[in-house]
Amino acid sequence: MANIKSAEKRILVAQTKTDRNKAIRSAVKTSIKKVEAAVAANDKEAAKTALTAATSSINKAASKGVYHKNNASRKVARLAKLVNSIA
């Protein structure tokens, strides 16, 4: 355990940021699953609305530094491709 006050603070700050990032990642994963579920059900309208919400949450996560911008872009592109594959 840290004995120095600044080290104790760094531990608290790191834990706070870890919890925040974990919550944001979890929300992104949930939104991605909603898109995939709508695609699996062959529901194009639901998939499009879920894609919009997922894109928004992914981009917010990237802007906060939870995901790298290329990683976020790749996730959005894959989801869009999946939604567009519905006949």
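Let me begin at a single residue: just after helix 1, Asn42 takes a positive phi of about 60°. What we are looking at is a predicted model, in which local features need pLDDT of at least 70, side-chain atom pairs count only at pLDDT 80 or more, and totals for chains, interfaces and linings use all residues. Residues are numbered from 1 along each chain as its sequence is written, and side-chain values use heavy atoms, with hydrogens and water left out.

Now the overall layout. The chain has three helices and zero strands, where helices (H or I, at least four residues) and strands (E, at least two) are DSSP runs numbered from the N terminus, and along the sequence this gives the pattern α-α-α. The C-alpha atoms fill a box of roughly 60 × 20 × 15 Å, taken along the principal axes. A compact globule of 87 residues would have a radius of gyration near 12 Å, whereas this chain has 17 Å; that radius is taken over C-alpha atoms, and the globule rule is 2.2 Å times the number of residues to the power 0.38.

Let us turn to helix 1. At 1.5 Å a residue, its 36 residues should span 52 Å, and the end C-alpha atoms are 53 Å apart, which agrees; the expected span is 1.5 Å times one less than the number of residues. Which residues of helix 1 are buried? They are Ile24, Val28, Ser31, Ile32, Val35, Ala38 and Val39, where buried means under 20% relative accessible area, exposed over 50%, and partly exposed in between, with a 1.4 Å probe and protein chains only. These buried residues pack against helix 2 and helix 3.

One of them, Ser31, counts as buried because its relative accessibility is 11%. Leaving aside neighbours within four places in sequence, Ser31 is in contact (heavy atoms within 4.5 Å) with Ala54 and Ser57. The side chains of Ser31 and Ser57 are also joined by a polar contact of 3.1 Å, meaning a pair of N or O atoms within 3.5 Å, where within protein one must be able to donate a hydrogen and the other to accept it, and residues adjacent in sequence count only if both atoms are side-chain atoms.

Next comes the core. The largest nonpolar core has 19 residues, and those with the most contacts inside it are Val35, Ile58 and Leu79; such a core is a set of buried Ala, Val, Leu, Ile, Met, Phe, Trp, Tyr and Cys residues joined through side-chain atoms within 4.5 Å. Helix 1, helix 2 (44-63) and helix 3 (69-84) each supply at least two residues of this core. Leu79, leaving aside its neighbours within four places in sequence, is in contact with Ile32, Val35, Leu51, Ala54 and Ile58.

Finally, helix 3, whose buried residues are Ala72, Val76, Leu79 and Val83. Seen down the helix axis, these fall within an arc of 65°, so they line one face; the arc is that of the directions from the helix axis to the C-beta atoms. An α-helix has 3.6 residues a turn, so residues three or four places apart point the same way. What covers the buried residues of helix 3 includes helix 1 and helix 2, while the face turned away from its buried side carries the exposed residues Arg78, Lys81 and Asn84.
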